[in-house]
Amino acid sequence: MSALRIERISGRAIPVRGHDIDTDRILPARFLVSVSFEGIEAHLFEDERADARGTHPVDQPQYAGARILVANRNFGCGSSREHAPQAIQRWGIQAVVGESFSEIFFGNSVAIGMPCVTVPAEAAAAIQAAVEAAPETEVVVDLVAGTVTCGTLTAPATLPTAARDAFTSGHWDATGLLLDDVAQVEATAARLPYVSGW
Amino acid sequence: MAQTLLRKVWDAHTVRVLPTGQTQVFIGLHLVHEVTTPQAFDALRQRGWPVRFPARTFATVDHIVPTTDVARPFADLMAEQMLAALERNCRDFGVPLYDLGHEHQGIVHVIGPELGLTQPGMTIACGDSHTSTHGAFGAVAFGIGTSQVRDVLASQCLAMDPLKVRRIRVEGQLAPGVYAKDVILAIIQRLGVKGGVGHAYEYAGSTIDAMSMDERMTICNMSIEGGARVGYVNPDVTTFRYIEGRPFAPAGADFARARAWWQSMASDANAVYDDEVVFDAPSLEPVVTWGLNPAQSVFVSGRIPTVADVPDGERAATTEAHEFMGFEPGARIEGARIDVAFVGSCTNSRLSDLREAAAIVRGQRVARHVRALVVPGSHRVSRAAEAEGLDEVFREAGFEWRGAGCSMCLGMNPDKLSGREMCASSSNRNFKGRMGSPTGRTLLMSPAMVAAAAIAGEVVDVRKVARDARAEVTR
């Protein structure tokens with residue numbers, strides 16, 4: 001199946017500060033009790049927002065309509081719930097920039113077409129500060145050039161080659177690729193004694 | 001060339017290299033539960049695809065099930081809708097379902113091993129990050145999200161990037177009162193919550209070799225809390241003995257052939273690792289978390305770190321944890337008052353866990369201000385414990401004895417903390433809001449430590465309690 005090519009995302013950004021922001025914070029488990037992802041974005045960072053009493057970036061009018069989320073270290077750690085990146089994407093985010101990401105969160109984001117690019121720690125902090133000072137600043141995530149630009153600042157943005165190629169070739173929705181060669185799948189299964197019989 | 005188990009399993013399951021450079025990996029066992037799969041089945045329905053290998057797919061219900069009244073429909077209508085969706089999906093797509101009331105029902109990471117579905121040399125995926133548990137058998141097992149669940153249902157494959165392997169050797173004998181849970185918490189404390197990103201953890205060394213399968217499962221279960229999506233132990237005689245005779249285990253002459261293949265998948269003696277770390281088991285004490293991630297922990301004899309005790313990058317998180325938990329920096333963790341005690345979760349809800357907790361509880365009384373519950377990991381664990389009279393031991397002490405499920409570990413069913421309650425818990429995550437109350441607080445520890453805390457009403461050193469219990473027996 002050919003999906004959408006994703007090469008460049010630009011727009012305003014929303015800073016979400018903090019290390020090790022886990023998926024229970026991004027989307028508390030009680031909002032997983034649903035058979036669909038529809039409307040899940042209403043609960044994005046729900047408990048954090050309640051704690052912050054209106055000062056959480058998600059509740060700040062200057063960040064409404066942002067397309068890029070700027071995080072810090074080990075963003076999305078914890079549970080494998082895809083509901084977390086789904087809520088972020090459905091809120092309007094098209095790319096996440098951060099110092100590092102948990103592996104499962106990263107993989108889930110690839111699968112839904114939301115690149116998570118890694119920048120040096122200082123760059124993540126500088127972009128957050130720049131966006132806080134001037135929320136209208138345009139941020140550009142360029143997967144082909146491997147950069148994130150924010151005003152006068154340009155930082156190297158890294159993405160594992162396979163993930164980058166998946167986005168730029170439009171193959172990030174892997175199901176089609178995985179079904180391309182069913183005969184080889186059957187052959188692999190037949191070679192495994194626990195599948196074919198001892 | 002000498003190879004690791006990870007590499008051998010990876011190669012055996014490689015279908016082909018994809019145009020993106022990722023590897024298409026065949027998944028030998030796909031475990032399914034109610035929470036992360038309804039959207040995946042809907043995607044198949046929309047595209048008119050079948051489940052490609054229904055015989056390699058097994059479903060159960062664990063996250064949302066009430067552990068008291070399981071009469072249908074559930075009081076929580078959304079939960080009822082989720083279970084009904086799983087029932088319909090399994091029926092429509094020909095996937096076996098161990099539903100509520102079925103003798104095989106339980107937490108997905110407890111039933112896979114106890115039914116003999118989990119075997120060495122397999123690739124195992126499930127829409128749950130604690131799928132790493134199955135690595136205890138020498139399987140390569142990992143959590144996936146819902147889109148990847150869709151991929152596995154449709155193709156029995158995933159697009160993956162290779163992992164590095166870090167060998168974690170634990171050597172020597174654990175002191176009495178120190179358990180597998182303490183070992184893994186100590187590993188996470190030293191290597192950090194993101195130390196394992198990009199790696200599989202291979203647990204080895206004399207301490208691991210001497211462990212039962214239940215203990216190895218506790219270790220592998222929490223690999224993900226250290227950032228490692230995969231954790232495994234090489235299969236050995238302990239593994240083979242555990243599997244033999246289980247419902248889905250190969251039998252008769254097949255078992256001998258299977259055993260030889262399983263053995264051949266273990267890491268070679270001179271395999272090369274990307275990294276190696278060594279831990280000294282005798283120096284470990286019972287571990288208790290004091291903060292908001294599983295690396296924020298201390299020995300039970302220790303003090304809660306001050307901001308000055310931690311590296312620069314962790315200071316903000318340390319302050320946040322002090323404030324949220326209501327702990328004085330520098331104070332002892334021993335004596336921290338608890339409101340709730342929870343023995344359960346895919347980390348520590350197996351028969352041996354319940355036995356260890358029961359040994360502490362026997363003849364004692366839960367402190368008056370503490371609400372204490374035991375939630376067995378599966379129907380089978382529950383029945384085995386009842387056959388030994390453990391349910392009576394817990395009930396007489398004032399614990400509630402519940403039905404099988406994930407329960408309070410993530411508060412997706414009616415078992416939740418309320419308000420700022422402090423919970424001594426044998427589960428795996430102390431994240432903010434994890435146990436169902438946004439302000440609830442979690443202290444992770446071994447089941448024996450939870451039992452001791454339930455009796456004392458506060459965090460205590462289980463080694464002292466166990467000594468007292470032994471002294472009493474002697475008198």
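**Entry 1: a pair in α10 of chain B**

I started with Arg257(B) and Asp254(B), which sit three residues apart in helix α10 (residues 253–265) of chain B, so about one helical turn separates them. This is a predicted model, so I keep that in mind for every entry. The two side chains form a salt bridge, with the closest N and O atoms 2.9 Å apart. I also looked up how open each partner is. Arg257(B) is partly exposed at 45% relative accessibility, and Asp254(B) is partly exposed too, at 28%.

**Entry 2: a pair in α1 of chain B**

Next I went to helix α1 (residues 5–13) of chain B, where Arg7(B) and Asp11(B) are four residues apart, again about one helical turn. What are the closest N and O atoms of Arg7(B) and Asp11(B) doing, and how far apart are they? They belong to a salt bridge, and the gap is 3.1 Å. Arg7(B) has a relative accessible area of 44%, which makes it partly exposed. For Asp11(B) I noted 36%, also partly exposed.

**Entry 3: salt bridges elsewhere**

I checked the total, and over all chains the structure holds 38 salt bridges. One of them joins Arg73(A) to Glu99(A), at 3.8 Å from N to O. Here the partners are in loops: Arg73(A) is in the one between β3 (68–70) and α3 (83–91) of chain A, and Glu99(A) is in the one between β4 (95–98) and α4 (103–111) of chain A. The pair therefore ties together parts that are 26 residues apart in sequence.

I also found a network of salt bridges. It links Asp22(A), Arg25(A), Glu48(A) and Asp51(A) with Glu320(B) and Lys432(B).

Cys220(B) is in no disulfide either, and the nearest cysteine sulfur, in Cys346(B), is 12 Å off. Are these cysteines buried or exposed? Cys77(A) is buried at 8% relative accessibility, and Cys220(B) is buried with a relative accessible area of 0%.

**Entry 4: two helices side by side in chain B**

I then picked helix α6 (residues 180–191) and helix α8 (residues 213–221), both of chain B. Two packed helices are described by the angle between their axes and the distance between the axes, so I looked up both values. The axes come within 8 Å and cross at roughly 25°. Angles under 35 degrees count as roughly parallel, so α6(B) and α8(B) get that label. The crossing is right-handed. On the α6(B) side, the contact is made by Ala180(B), Lys181(B), Val183(B) and Ile184(B). On the α8(B) side, Glu215(B), Thr218(B) and Ile219(B) make it.

**Entry 5: one threonine**

Last stop was Thr318(B), found in helix α11 (residues 315–325) of chain B. Its relative accessibility is 2%, so it counts as buried, because the limit is under 20%. Which residues is Thr318(B) in contact with, leaving aside neighbours within four places in sequence? I listed Trp290(B), Gln296(B), Pro305(B), Thr306(B), Val307(B) and Val310(B).

Key:
Residues numbered from 1 in each chain as written. Chains lettered and ligands numbered in written order. Predicted model: local features only at pLDDT ≥ 70, side-chain atom pairs only at ≥ 80, totals over all residues. Heavy atoms only, no water. Buried < 20%, exposed > 50% of the residue type's maximum accessible area, 1.4 Å probe, protein only. Disulfide = S-S within 2.5 Å. Salt bridge = Lys/Arg side-chain N within 4 Å of Asp/Glu carboxyl O. Axes fitted to C-alpha atoms, helices over the stretch in contact; angles between N-to-C directions. Parallel < 35°, antiparallel > 145°, perpendicular 65-115°, else oblique. Left-handed = near helix turned anticlockwise from the far one by under 90°. Contact = heavy atoms within 4.5 Å.
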